[in-house]
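Student: Please take one part of this model and look at it closely. Then connect that part to the rest of the chain.

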Amino acid sequence: MLGKKEVLKRVFPQAAVMLEYRNTESQITFDNRTKYDEPFYIMIEKLWHDIDLRNGKFQVAEGPYIFDIPYFNEEVIREAINNAIAHRDYRRNSETVIKQYPQKLVITNAGGFPVGVTIENLLTVPSTPRNRLLADVLSKTGIVERSGQGIDKIFKNTISEGKQQPDYSHSDKFHVELVLSATITNRAFALFIDSEQQRLPEEQKLSVFEIMALSSILSGNGNDIKKEIIKSLLNRGLIERRGKTRGTYYILSRNYYEIAGDISDYAKKTEWNTNQAASVIIPHLIKFKKAKMKDFVDLLSGHLTRRQVRVLIDQMVVENILEKKGSGSGTSYSISEEYVKNTALLTKALGIGLEVLKERGEID
């Protein structure tokens, strides 16, 4: 942390950090390479300064509401580097390496995750520093967050900015690799989260788990979210419930779709009834005579989940709109005779009504 540069180079050369810059991700050779082998408290400031020299920003706007999102969030990058310094295996001779690209940053340090830590439990496992004394010094001097909160901040800030989640998937038992993308994949989500956080007092601001849940719901992967988080988001008015019983699912609140300028998509996600489904399914069955559940799932893709389609089709069978034949993988569906009969009667009645209107000259 404080040793003289000459002593560190001689006694502890693996404590150095390498920063490599490449103009494209396909490049093998670097355009620029800098070695930082000063004591940590000097090195970390120089390192961030040099990373920030090539930093840019995205302007995110919605009407008069405008704010900038940097390619590389300073808080995220500092936390990531601090984690690499605090948790790496200093018995290995390789330095910590940071590869910077215009739209991506990759941090690699020696040694896998500490015992008990995996990619799956990174955000939930109690902090288990490999170098406890080093971690304690960094914590007491205010460099890193108290136990376990640094990784929370990396995920929370990155996802809140509408970027891809921090990626640790290339790590193994010999090294930990963190990939941070600068690209904003959903500006509307960044605006949505920022607007909600702005109006909340500090003690009520969204947690990393709530923000991750909102991101999962938006991408259609919200089935495994804990009940208490769903309840919290519902109470805050950030999500809305759709469907019933086994067909229940959640969408983001109308506010998100207004920010995204896509109210039509919000309308598509409103609860479907059997009549709405029939308007799509019946023309398909008239053309192909019969269909299987997979056909309905494909037909209603983008409107309903697989589970919701199953619930709706079962209800259409109960209401005698569809007739079910076979079992298991051989199950197929066709239009029921009763539905055909009722539709024919309705069509005839409408036909009579139209003829009367024509006679009266009210329509052509």
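Tutor: Start with a serine side chain. The side chain of S160 reaches the backbone oxygen of K156 at 2.7 Å. That is a polar contact (N or O atoms within 3.5 Å; within protein, one must be able to donate a hydrogen and the other to accept it, and residues adjacent in sequence count only if both atoms are side-chain atoms). The model is predicted: local features need pLDDT of at least 70, side-chain atom pairs count only at pLDDT 80 or more, and totals for chains, interfaces and linings use all residues. Residues are numbered from 1 along each chain as its sequence is written, and side-chain values use heavy atoms, with hydrogens and water left out.

S160 belongs to helix 5, residues 149-160. Helices (H or I, at least four residues) and strands (E, at least two) are DSSP runs, numbered from the N terminus. S160 counts as buried because its relative accessibility is 15%. The classes are buried under 20% relative accessible area, exposed over 50%, and partly exposed in between, with a 1.4 Å probe and protein chains only.

What does S160 touch, leaving aside its neighbours within four places in sequence? Its contacts are F189, A190, I193 and I211. Contact means heavy atoms within 4.5 Å.

Helix 6 covers residues 187-199, 13 residues in total. The end C-alpha atoms of helix 6 are 19 Å apart, which agrees with the 18 Å it should span at 1.5 Å a residue. The expected span is 1.5 Å times one less than the number of residues. Buried residues in helix 6 are A188, F189, A190, L191, F192, I193, E196 and Q197. At the start of helix 6, a side-chain oxygen of N186 comes to within 3.1 Å of the backbone nitrogen of A188.

Now go back to helix 5, at K153. K153 forms a salt bridge with E75, with the closest N and O atoms 3.3 Å apart. This pair links distant parts of the chain: K153 is in helix 5, E75 is in helix 3 (residues 74-87), and 78 residues separate them. A salt bridge is a side-chain nitrogen of Lys or Arg within 4 Å of a carboxyl oxygen of Asp or Glu. K153 is buried because its relative accessible area is 18%. E75 is partly exposed because its relative accessibility is 38%.

K153 has another partner. E79 forms a salt bridge with K153, and here the closest N and O atoms are 4.0 Å apart. Again the pair links distant parts of the chain, with E79 in helix 3 and K153 in helix 5, 74 residues apart. Both E79 and K153 are buried.

D89 is buried because its relative accessible area is 5%. R91 is exposed because its relative accessibility is 72%. E20, R22 and R33 are linked in a network of salt bridges.

S332 lies in strand 11, residues 332-335. S332 is buried because its relative accessibility is 13%. Not counting residues up to four places away in sequence, S332 touches K290, A291, E323, K324 and K325. Q308 sits in helix 13, residues 306-318. Q308 is buried because its relative accessible area is 6%. Q308 and Y249 are 59 residues apart in sequence, yet 8.4 Å apart in space, C-alpha to C-alpha.

Finish with the whole chain. The secondary structure comes to 14 helices and eleven strands. Buried residues make up 41% of the 364 residues. Among contacts with a separation of 6 or more, 58% are between residues 24 or more positions apart. The chain exposes about 20600 Å², and carbon and sulfur atoms supply 51% of that area. Accessible areas come from the Shrake-Rupley method with a 1.4 Å probe; for residues, only the protein chains shown count as cover.
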